[in-house]
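Here's a quick briefing to go with the structure you're about to open.

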Amino acid sequence: MAARRLKIAILISGRGSNLQALIDQFGPAAPTSPIEIVLVLSNRPDAFGLTRAARAGIATKIVDHKAFADRASFDAAMDKEIRAVGAELVVLAGFLRLLTDGFIAGWPDRLVNIHPALLPAFKGLHTHARALEAGVRFHGCTVHFVRPEMDTGPIIAQAVVPVRPEDDENSLGLRVLAAEHRLFPQALRLIAEGKVTVEGERAIVRDAAFAGGLLFNPLGA
Ligand code: GRF
C-alpha cells in the first residue's frame, strides 16, 4: 500500500520561484514524496506561478481579492476552495495579502509561511535593504507557523547566508532566495514526516540531522 501523503495547498501572488522548488520536490513527477500538492491558489490572475503549476499538471484556482467587498469574504472564499480539495496544510509561498484572524484560526499549526529574513529580525517588507543598512554579517530566511500578528509564529527552520561587503539589495536577495529554495521543501518535509510539534509557542523539530557548531563571518574571526 502506498504511504500516506500530506496534502498541501500553496498560496501565491507572483513569480512563484519558491512554488517551483516545491513542485520540483513534491509535484506529480515525484509520486512517492511525502507530500502531494493538491492546489495552487493565486489572488492575482496574472501570477506567473499559475503557469508553473499548470505546466506541472497541478490544479490551480484564482480567487481575485478585487472581486470581494472585504477581507473576511475573500478569505472565506479561499478557505472554501482549500477545504474542497482536502488540503491538510496551507503553505504561503510569496502570498502578498494579510490574512484575517478568522482564516488563521481555522488552520491551527497547519498554516506556514516563508519570510526572507532571520525572524524575529526584519519583519515586513524590504528585508534585504534593511539588513544591509543595519550592517548585519548574516542574513537569511525563516519558515514558520503563521499567527495573526504579521511575520510571527513558531519558527520551524531557518537558513543563514553571509552578507558580503560588496553586496547590494539584489545580490543579497538572490543569495537568500537560493537558500529559500532549499529550506522550504526541507521544512515541509519535516512536517510531513511528523517531526514538528508546537509546544508552548515554540516549534520543536525532532530530527537527527542537527550538527551544531559555530559559524563565523568573516571566516576565521
Ligand atoms: C520570497 O522572497 C518569499 O520569502 C517572500 O516572497 C517572495 C516570493 O518569491 N514571502 P517567489 O514568488 O517564491 O519567487
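Let's start with α5 and α6, which sit roughly perpendicular to each other, because a crossing angle of roughly 115° still falls in the 65 to 115 degree range for that label. Keep in mind that this is a predicted model. Helix α6 covers residues 169–192, and it turns up again below with α1 as a partner.

**α5 against α6**
- Helix α5 is the stretch of residues 127–134, and its axis comes within 9 Å of the α6 axis.
- The handedness here is right-handed, with α5 passing α6 that way.
- On the α5 side, the residues that meet α6 are His128, Ala129, Ala131 and Leu132.
- Facing them from α6 are Glu169, Leu172, Gly173 and Val176.
- Sorted by class, this contact has 5 nonpolar, 2 polar and 1 charged residues.

**α1 against α6**
- Helix α1 (residues 17–26) also gets its axis within 9 Å of that of α6, this time crossing at roughly 45°.
- That angle makes α1 oblique to α6.
- Again you're looking at a right-handed crossing, here of α1 and α6.
- From α1, the contact uses Ser17, Asn18, Ala21, Leu22, Gln25 and Phe26.
- From α6, the contributors are Leu177, Glu180, His181, Phe184, Pro185, Leu188 and Arg189.
- The class breakdown for α1 with α6 is 7 nonpolar, 4 polar and 2 charged residues.

**α1 against α2**
- Helix α2 spans residues 48–56, and its axis and that of α1 come within 9 Å and cross at roughly 15°.
- The two helices, α1 and α2, are therefore roughly parallel to each other.
- The α1–α2 crossing is right-handed too.

**Ligand site**
- Around the ligand you'll find Arg15, Gly16, Ser17, Asn18, Gly94, Ile114, His115, Pro116 and Glu180.
- Ile114 goes through its backbone instead, placing an N or O atom 3.0 Å from a ligand nitrogen.

- As background, most peptide bonds are trans, and most residues other than glycine have a negative phi.
- Leu119 to Pro120 is a cis peptide bond, with omega near 10°.
- Pro120 belongs to the loop between β5 (111–115) and α5.
- His126 is found in the loop between β5 and α5 as well, and has a positive phi of about 55° despite not being a glycine.
- Another cis bond joins Asn217 to Pro218, with omega near 5°.
- You'll find Pro218 in the segment after β9 (202–205).

Key:
Residues are numbered from 1 along each chain as its sequence is written. This is a predicted model: local features need pLDDT of at least 70, side-chain atom pairs count only at pLDDT 80 or more; totals for chains, interfaces and linings use all residues. Side-chain values use heavy atoms; hydrogens and water are left out. Axes are lines fitted to C-alpha atoms, for helices over the stretch in contact, and angles run from 0 to 180 degrees between N-to-C directions. Helices (H or I, at least four residues) and strands (E, at least two) are DSSP runs, numbered from the N terminus. Angles under 35 degrees count as roughly parallel, over 145 as roughly antiparallel, 65 to 115 as roughly perpendicular and the rest as oblique. A crossing is left-handed if the near helix is turned anticlockwise from the far one by less than a right angle, and right-handed if clockwise. Contact means heavy atoms within 4.5 Å. Ala, Val, Leu, Ile, Met, Phe, Trp, Tyr, Cys and Pro count as nonpolar, Asp, Glu, Lys and Arg as charged, and the others, Gly among them, as polar. A residue is near a molecule or strand if one of its heavy atoms lies within 4 Å of it. A polar contact is a pair of N or O atoms within 3.5 Å; within protein, one must be able to donate a hydrogen and the other to accept it, and residues adjacent in sequence count only if both atoms are side-chain atoms.
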